[in-house]
Structure formats: C-alpha cells, structure tokens
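The following exercises are to be worked through with the sequence and the structure at hand. Each task is followed by a solution in steps.

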Amino acid sequence: MNSSSAITFIEKLLAEPDLAPSIVHVERIPAAEGRYADFPAGMDARLERALRSRGIERLYIHQRASWDAARAGRNVVVVTPTASGKTLCYNLPVVQSLLESPTARALYLFPTKALSQDQQSELNEVALGGELPLKICTYDGDTPTSLRVSARDTGRIVITNPDMLHSGILPNHAKWCRFFSDLAYIVVDEMHGYRGVFGSHVANVIRRLKRIAAFYGAKPVFILCSATIANPGELARGLIGEDVVEVRENGAPRAEKLVAFYNPPLVDPVQGIRKSSATESQKIAVRLLRGGIRTILFARSRLRVELIAGYINEELRNLYTDNERIVVEPYRSGLLPSERRAVERGLREGTVHGVVSTNALELGIDIGGLDASVITGFPGSFSSFWQQAGRAGRRSGASVVIYVASANPLDQFLAAHPEYFLGRGAETARIDPDNPYIYADHAKCAAFELPFSEGDSFGGDLEAVLAMLEEDGIVRKTGGRWFWSSGGYPGEKISLRSATADNVVIIDATAGRNAVIGEMDRPSAKELVFDDAVYIHRGRQYIVEKLDLENRVCRVSERDVNYYTDAVVKTDLKLLTEDASGETPSFGWSVGDVLVRTQAGKFKKIRFHTHENVGFGEIYLPPEEMQTRAAVARFGPGTTAGALLDGFDEAFKAAVVASAAGMVRDIAPIFLLCDPRDLGTVSRARDDHFSVPAMYFYDRYPGGTGLAEGLSTRFLDVFAAAADRLAGCNCRTGCPSCIGPDFADGRTIMEGSAVKSAAAAFLAALSGRGT
C-alpha cells in the first residue's frame, strides 16, 4: 500500500464509530523539503561512484557539515531526527580517510549487537557497491572464534558494542596493539541511548579506551550521532571528555505524518475504569494489518509484548487462509540472537507484516518500510516516543502513529493535554560518570589494563579511589605507580546495563529437550520466572519447574494454561545518611543514602483477555538489596501539609500519603526527564527515622544517578502538576488514572471519595496552594 493510501485508510479507520469517540486529538505533521549540499571537493572518486550507484547524487547539509568538521580533525556530534541519513555523517569521512591512509583504522560503537550487524550490512553496501578495498568486521559476543583474530589484525573498520569493548577488547588490548596504534576514528551512534546508568558506564569505558589509544600513540577523532535531545553537546562532552562541534541543522526531507491520541473508553465511569490499553492496541493493530498497513506495535514490557502478539495472532488465526496470510512476531530481549535476526530479516524482506516489540526496536535497526506505529502507553521519555514514531515511514513516505494511553496517571495527563505533549521541547540526557560506584568499578578495570602513574588523569578523584583500592589489596603502589594486584579480571563482574552482571539461562526441559530458549538478568528472573510462573516465549506457554539461582538456570516445560502470572513485589527502605536538607512552609525535604530491599512474596494468576485475577501463589526467594540515593519529603507539625495530616487517623493518613506519593511518582518523570522505571517510592504515615509522615523517592540504581538531587529542587513543580492532575480527574472516588480504584484496598465508595478529596487537599497544600 502506498503512503497516500495508508493515510486515507487511517483517516477512515479513526472515524469508525467504536474508535472515533476515543480519539482525543489528531495532529498532522506536514511534509518538509530537503536541503542539500554538493559532494565535497577531494572526495575519492571510488567513494563518489559508490554513492552514485545507490542513487545518491548530493548530500544533506548536515552530512556535509559533519564531513567538514571530521575531516578538519575536530570531534563532532550530529543531532537530527530518525531516518535523516545520519549513517553517512560518519561513514563518508571515515571511509575517505581510510582510503587515503592504508594503515588507518576506525572503531564503531553501537548500543546493541543487532545494530552492529545492521551497520555492517550498510557499510558493505557502500564498500562492495563501489569496490572499495576496506575490510569491515563485526566483533561481538556472536562472532565466531575463527573470525576474531582476523578482525583485530586486518579489520579496517571494527564494529562492536560497549559491552564487548568493556569485557573483551580493552582487557586484551595487547592483542589489539596494531589496531590501537593506527586508530583514527571512533564513531558513537545512537548517542541519546547513553543516558542514566548505562551512559555513565559507557563514559567510563570511553575513558579507558582513550587511555589505551594514547598508550599506543593514537589520538582518534570522535564522531557522535544522536536523535534530537536538548543537550547534545553537553552529553557528547560528558561521554568523551573533549570539546565537540555541534551539527543540529537537519537537511533531510520529511514525509507527512499523522499522530493520533487514543484514550481507551470508560467501562465504569463511577470508578474510572477504562478498557485495557493492551486489548485496545491489539484491536487497532489487527485492523491496520487487515487493511494492508504494515505495523509495528510497541509495548512497555516483555510480558506485554508476548501477550499482545499472542492476542493478535489468536484473532487472525484461520487454518484455511494461513492466518489471513498475515505474519506477526514478538521482538524483545531474552530471545535468542537467531530468533531476533530472523524477525529483522522478515521485516526487511516483507515476509513479516507486523511486529510487537519492546524498545529493543526503537533504535535504528533497518526493518524496512512500515506504515504505522502503535505505541501502547508512554514509553518513558519524549525522545523515545518520537524514536518509536519514526520507525514507521522510514522509507515509505507518509506514515501514521497511534498513541494508546494506559490508565497510568502520566498517560492520562498526556491524553488530557496533547498540546503539552506536542509542544514540549527536546529532553535533556543525564549522565554521571563520576558516580562513586560506577567510577570505582572502572578505575579497577583501568588499573588491570594499564598501571596508573602519579598525576594521571582519569576524571573524578582518581587518587582517592586508588588509595581505597590499595587499602583493600586490589592495587599496590610502587615507585609512584599503582599496579593491579588482585586475582581475575574485574570487568567480568561488572555489567554496563544493570545492577548485576548475573544472567539466568532459561532451558526448555519438555520431554527431555534441554534446549536454551532465552535468558534474563537475576533480579528480573526473581519476578518473572519464579517456581510455578508462566513464561511466554514467542506465543508458547511454559510453566517454570525450578529457578536455580545458585547455578543461574531456570528449567521450564511447555504447557497450555489459560492464565499468566504477575509477581507482587514489596519494597522496604531504610535511611542511612542525610547529607542535605531544607524547609519550606509546606514541607521539609532531605537527600541522602538509603538501603532498599525488594522481595517478591506472592504472585497473581491472571486470566488471558479478561485480565481477571483467578488465584494466588507463594514465592520463596531471597530479597534483593541495594544502596542508593533518595529524596525525602517530610511533613512535620510545623508545615501546612503536616498540619492537614494531623487531623486524620493513622489508617486514613497512610492512605492519603500513599495516594499522593503514587501520583507524584508517576508525574515526576516529566520534570526529571527520566524513565518512570528509574524512580521508586515508599510512603509512610509515620517514618521510623523522622517520626513524621514522609514520602521517599529513590533512584533504582546502585549509588544513584542524580535523580534524587534533581527531584529535591523540583518538588514544588511536581507537587503542583500532581495536584492539577488529581483535580482534573472526573472520577468520584479514585481511579487508575489518579490515586487508584477505591475498591483496590477494601475502601468503600464513601471512604474512597474521602481519600481522594483529602489527597487533593494534601497535594494543594504541598504545592503552596492550600489554605
């Protein structure tokens, strides 16, 4: 179906009687003309022929600006939207330099292995299409041992990811001496993905990379590319520790895009219960697919991806028409590499017509031409939303995006204020490379790779960290140098992407198969593949026979059941230190270190489609413990919020504080520009440390990443937004879009109404509006 036909079909679809009342806003983003520049003088004739063979007769202006900066030896960061041709921003200057210098090398960093494989295919088209004499190699966990020696010894462009660089290349740099000696360029693509904890780790990996390159006499130029964010220069400087030239002006043409906001209809106006965003997304996706619209549907979790993909395939199931000749696949972390690449290939070749994905397909993997993107629930950041929206129409011109709001307060806030959503500027990406936990880990890795000398620069307070490591016997100082003195390689125990490096392998033990079908990190395994849990893999259901945490193995067996499982996780928190505090007339605040203990004690059995609870079970697993940072709002008797709470009994006070804390937690990501899952909360009617009511908002990563400090400076703004959201909710007694349904904790309708009214007054007092 061509792009204009797709738009026409979508307009008719959105006008259908069962959908139209729930369409709260439609935004038409007009097409834009491209702006171009000529090929630069001096471009190698072979490279120019390779470009012309692909139909490229001139460059976009941002591609030319990147060429000019990189060829002048300056670090450059390119910030343009999805599908704007960023790949040529680094491929052209890199290939040109490598053609000029037969010994020069380049290192490409992508956040995932899938992107590395995709980029090798793209480069091969340029190199082989123009018969360019450049050897391009991918070096990651899937690279066969037989090809690894060839990659490091003769590869001109080596494509890898931060994880392999951290654990496989840098600790073995002596084997890579020829490559590092001639390293001319380092490319960092999808830079906007390097934020928070992951970005802080990657910044330290790059510190180690630069240190080793300098040891071998190289000073490479960095080329970084990013989707639109507010602070590309700041993030790039934080990642590489050097100045950069910013290229922000986008020259790529833009096709028309239709963005529709869909808020599922109410099924119980009194309680404010809406239809499930999962089932509504499935309904919309099925209609798109039946209309010939190739569709990608994004969901927030692995479980939801499997559920929605299963629902879609179940609705399309027809033995006589081969499921209406429509193929829909799930795509998520935990699938085997061969399974993920088969889905990617099917999307490119057109044999897969629809895909249900987590944010794993948000980044720039080439998945061919899709016409529609259905986004189930706010993905955590505005840049992520536009990345997901950009997955449709990358090649096929005009496209459609349908945002299906969930019952989450943040989604309901955005559905009620689409102008706020569409009017927001780009987000700020935050990293903290000097986070003490992260920095100390990478200082260990760096000491293992090369000794430190007095006066060496490695960011942060290096000598203080080395002194601490020396006290623990990890390094030894001799002759003004610190040498590694511990056993093993420290990077083996350090994961760049989560708090733990431990992964649990999932084995299908059905009828003695003993086949590996997936893996996940240990904390997730405790909440998803506990004993008797239902594990869903590509539409097949498995019952967990045994989760063996000691041996990092989970054994499952295939079985058809009519329910899925969801763990009930309890969180406890203890304040360890308080290193900043303040007072306002409405509340007091503190920032400090906390110990957070989480434990899954029970699980629910939830029936497919109806999502009703059909039973419970017990989980017998040890808790996870983490030391991190938290911002605390406390409500003593001398504050207006505390005075309001003093008029309530303990049970009612606890309900009010918990309701308000939940609202604040769901609204805060808009102001902190983080993912909602990065922030946790604990509320208490009487805190055991402060002896007054309190709300804790803690960073979900060890050591913290600055969210607690950021929230402490924005408390008033966040409280005001939460108060506005609660005041604007039309339910009588609380609903999933504000403080939660009134019957969820056994409250009567009258009690629910009182809690909502009191929570509204409490938030108004916190924001300084109370009387």
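At 10% relative accessibility, isoleucine 136 counts as buried, where buried means under 20% relative accessible area, exposed over 50%, and partly exposed in between (1.4 Å probe, protein chains only). The model is a predicted one, in which local features need pLDDT of at least 70 and side-chain atom pairs count only at pLDDT 80 or more, while totals for chains, interfaces and linings use all residues. Residues are numbered from 1 along each chain as its sequence is written, and side-chain values use heavy atoms, with hydrogens and water left out.

**Exercise 1.** Describe the surroundings of strand β8 and name its partner strands.

Solution. First, burial: five of the six residues of β8 (residues 183-188) are buried, so this strand is largely enclosed by the rest of the structure. Second, β8 pairs with strand β5 (residues 105-109) in the parallel sense over five bridges. Here leucine 107 stands opposite isoleucine 186, and leucine 109 has valine 188 as its bridge partner. Third, β8 runs parallel to strand β9 (residues 221-226), to which four bridges join it. In this pairing isoleucine 186 faces phenylalanine 222 of β9. The chain passes from β8 through helix α9 (residues 196-215) to β9 in a right-handed β-α-β crossover; right-handed means that, with the strands pointing away from the viewer, the path from the first strand over the helix to the second runs clockwise.

**Exercise 2.** Is serine 399 buried or exposed, and which residues does serine 399 touch?

Solution. Serine 399 is found in strand β18 (residues 399-404). Its relative accessibility is 2%, so serine 399 counts as buried. Residues up to four places away in sequence are not counted, and serine 399 then touches Ile7, Glu256, Lys257, Leu258, Asp371, Ala392 and Gly393, contact meaning heavy atoms within 4.5 Å. With lysine 257 there is a polar contact between the two side chains at 2.8 Å. Such a contact is a pair of N or O atoms within 3.5 Å; within protein, one must be able to donate a hydrogen and the other to accept it, and residues adjacent in sequence count only if both atoms are side-chain atoms.

**Exercise 3.** Locate glycine 518 and list its contacts.

Solution. Glycine 518 is part of strand β23 (residues 515-521). A relative accessible area of 3% makes glycine 518 buried. Apart from neighbours within four places in sequence, glycine 518 is in contact with Gly334, Leu336, Val504, Val505, Ile506 and Tyr535. Valine 505 lies 13 residues from glycine 518 in sequence, and their C-alpha atoms are 6.2 Å apart.

Terms used
Helix = DSSP H or I, 4+ residues; strand = E, 2+ residues; numbered from the N terminus. Pairing = 2+ DSSP bridges.
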